[in-house]
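Hello,

Here is the structure I promised to pass on. Have a look at it first, and then read my notes below.

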Amino acid sequence: MGLRFTWLWAAYGSSVAGTWLAFDAFPLIAVLVLGAGPAQVSLLAAAGLAVGALIAVPLGPRVEFRRKLPVMVGADLLRFAALLTIPLAHWLGVLGFWHLLAVAVLVATADITFQAASGAYLKGLLPAADLLPASARLESTAWTATIVGPPAGGALVGVFGPLVTVLLNAASFLASALCLRGARGPEPVPVRVTAPRAADLVAGWRHLLGDPVLRPLLLNTALVNGLVLATSPLMAVLLLGDLGFPAWQHGLVFGLPCLGGLIGSRCSAPLAGRFGERRVLRASGAARACWPVLLPLVHPGPTGLLLVLVAQSGLLLSIGVFTPLLAAHRLRLIPADRTARALTAWTITVRATTAAATALGGVLAGVVGTRAGLLVIGGALLLTPVLLPRREEG
């Protein structure tokens, strides 16, 4: 797909590898270095995403009318500089909880900005026919990093402590910025035809909700992501607390199934070529909803462990097939002059829904019990395929 895409792919691989290497580094630093309690750790996880998403709202229009490659490099350098302050502050003896929270907000804001700019840049870089194989390559890279990164990061934390993974994560963003310089090429400056106005802030949502195909895709993706991720803390309580599975088995049932995501992402383009993109998109989107209903049936012993592995592997296999198709389909349907705003709106919507679903799932489990809470979430997921688009666009 050309040298510029190769450099873009290398930049993405570098940053996603660093991110998964430093998986859960902030909570570990809060607990192990700062002695934070559960309330502060929860605040760190929720507030970082929520405030970052809020700050990112006005950035969508600004990204839209700028060249995308410099925006991506700037987001990488911002994440590099922000993360670098954590080990520096610790070595100087001035690291505090609010410093950690501020860095979490900056990184979350830069993440959303980078995703919007990179999606718009990819749309302008490649012809429409190449968007699916390109998205599949990026998705395969993400799943590979998901499989390798957390175990490697856990080993590094065990030997050197959590600050070293933050330092490596910062270095990965610097490497990404350097790779992006290799992707330089002709990129026209977008022309704004109207003066800046408040309506620009909601233009992305207006387009997504007004499109007969993008609207159901957004609603389906937000709900499925939110409900699936809401099962994660409940499964941790069920496996580690109620059923007494050892910690290594808990890690196994969430790490090994990522191979399913990698396989699915590699099969996405061939399946679409054989059966048609829209048919595979709808089938894999519906398949995502079927697997979590098995989770309340888990029981002690090897067969219970196998049941969770099957459910998680089937779920991630379906997600691996669906995600590249969604990314390519979405980019084709969004006009070039609204891509950054629409992708920003999409990311903010999905993250906000995930935060709300996770919080509600915890409240639900506290009222009706962990198994019953998982059963309700699984039942709700079975209803989500009705939101998948049925109307064909012209």
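A contact here means heavy atoms within 4.5 Å. By that rule, and leaving out residues up to four places away in sequence, M72 touches L8, F114, A117, S118, Y121 and L180.

Before going on, please note that this is a predicted model, where local features need pLDDT of at least 70 and side-chain atom pairs count only at pLDDT 80 or more, while totals for chains, interfaces and linings use all residues. Residues are numbered from 1 along each chain as its sequence is written, and side-chain values use heavy atoms, with hydrogens and water left out.

Now to the cores. A nonpolar core is a set of buried Ala, Val, Leu, Ile, Met, Phe, Trp, Tyr and Cys residues joined through side-chain atoms within 4.5 Å. Buried means under 20% relative accessible area, exposed over 50%, and partly exposed in between (1.4 Å probe, protein chains only). The largest core has 48 residues, and M72, L122, L180, L208 and W346 touch the most other members. Apart from this core lies another, of 28 residues, including V224 and L374.

What about the rings? The whole structure holds two aromatic pairs (Phe, Tyr or six-membered Trp rings with centres within 6.5 Å; planes under 30 degrees apart are stacked, over 60 edge-to-face, the rest tilted). F97 and W98 are edge-to-face because their ring centres are 5.4 Å apart and their planes are at 75°. F97 is buried at 11% relative accessible area, whereas W98 is exposed at 61%.

Happy exploring!
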